[in-house]
Amino acid sequence: MIDSHCHLDHEPLFENLDDVIKRSKDIGLQKLLTISTTLNSFDKIKELVNKDPMIFGTFGIHPHETEADYVNKATLVKTVSTVKKIIGIGETGLDFFYNHSNKRRQIESFKEHIEASIELNIPIIIHSRNAEEETFNILNSYNNKELKILMHCFTGSFNFSEKLLSIGAFFSASGIITFKNSIDLQNTFKTIPLNKLLIETDSPFLAPIPMRGKKNEPSFIKYTLEKLSTIKEKSLDEMRVITTNNFNKLFNL
């Protein structure tokens with residue numbers, strides 16, 4: 001198994017990292033991808049990727065943070081090129097649910113991240129909330145550039161998933177698919193091809209059932225894998241192999 005999206009720089013994961021890593025290995029996790037959201041976040045990630053061979057990282061600015069932190073394509077490319085084990089760009093994207101950063105600023109930042117990922121030929125990890133049309137239109141405008149797209153913690157509509165599949169996107173299932181009120185999302189994941197699926201925790205957020213109310217951590221990913229296996233009518237072992245292989249293929253590992 002591989003946790004394709006976690007935030008090891010956040011508490012309580014960071015202060016308990018040795019225990020978090022041990023519990024991850026105990027359940028069979030092979031890799032953890034810890035995700036950058038700010039410049040300060042990335043400073044920690046540069047340390048984290050050297051903590052254990054199983055930890056890899058990304059560099060990017062979350063759409064909520066684009067007012068305070070802004071990096072252009074050149075900075076993204078230079079930074080990723082000089083830091084080992086940084087294998088993706090993001091998380092980036094658009095979030096119009098809250099008003100933490102204005103839309104224009106988010107869109108500009110998103111495009112800088114996309115263009116950096118194209119130049120580096122590595123995946124871009126995308127956050128999209130209340131911005132399906134805008135997210136797709138921007139991604140589609142780069143469709144002839146062989147963009148490697150990973151939709152993180154996908155909670156979008158069926159129509160959005162169909163559009164994203166048309167441009168080759170991968171989709172990461174989080175603990176949200178275990179929630180009782182996520183029937184529409186579960187039905188959408190039923191339709192996504194097996195070769196486009198990954199799993200994640202987004203820890204320390206979004207703990208899955210039956211761990212709701214606790215701080216999430218990578219070892220809880222087993223519950224998301226179990227639910228995804230049920231949704232896709234595959235055995236747990238089959239789904240484990242499929243999602244692991246998809247991650248390694250997407251990130252060229």
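Predicted model: local features only at pLDDT ≥ 70, side-chain atom pairs only at ≥ 80, totals over all residues.
Select K148 and the residues around it: leaving aside neighbours within four places in sequence, K148 is in contact (heavy atoms within 4.5 Å) with N121, I122, P123, I124 and L250. K148 lies in the loop between α5 and β6 (149-151), where helices (H or I, at least four residues) and strands (E, at least two) are DSSP runs numbered from the N terminus. At 25% relative accessibility K148 counts as partly exposed; buried means under 20% relative accessible area, exposed over 50%, and partly exposed in between, with a 1.4 Å probe and protein chains only.

Residues are numbered from 1 along each chain as its sequence is written, and side-chain values use heavy atoms, with hydrogens and water left out.

From K148, move to its contact N121, which is placed in the loop between α4 and β5 (124-129). N121 is not a glycine, yet has a positive phi of about 60 degrees, and at 45% relative accessibility N121 counts as partly exposed. Next select N130, in the loop between β5 and α5, where the phi is again positive, at about 55 degrees, in a residue that is not a glycine; N130 counts as exposed, at 53% relative accessibility. Most residues other than glycine have a negative phi, and most peptide bonds are trans.

The bond from G90 to E91 is cis, with omega near 15 degrees, and E91 lies in strand β4. The bond that joins I209 and P210 is also cis, with omega about 15 degrees, and P210 lies in the loop between β8 (197-199) and α8 (221-232).

Now go to helix α5 (residues 132-140) and select T135, which is buried, with a relative accessible area of 0%. Leaving aside neighbours within four places in sequence, T135 is in contact with L94, F110, I126, S128 and F160. F160 leads on to an aromatic cluster, which F160 forms with F154, F171 and F189.

For an aromatic pair, select F42 and F59, whose rings are tilted, 4.3 Å centre to centre and with 35 degrees between the planes. Rings of Phe, Tyr and Trp (its six-membered ring) pair if their centres lie within 6.5 Å, and planes under 30 degrees apart count as stacked, over 60 as edge-to-face and the rest as tilted. F42 lies in helix α2 (residues 39-48) and F59 in strand β3 (residues 55-59), so the pair ties together parts that are 17 residues apart in sequence. Both F42 and F59 are buried.

Helix α3 (residues 73-82) comes next, with L76, V77, T79 and V80 buried; the buried residues of α3 pack against α2, β3, β4 (86-95) and α4 (103-120).

Finally, show the whole protein, whose secondary structure comes to nine helices and eight strands. The radius of gyration, taken over C-alpha atoms, is 17 Å, close to the 18 Å that the globule rule (2.2 Å times the number of residues to the power 0.38) gives for 253 residues, so the protein is as compact as a globular protein of that length. Buried residues make up 56% of the 253 residues.
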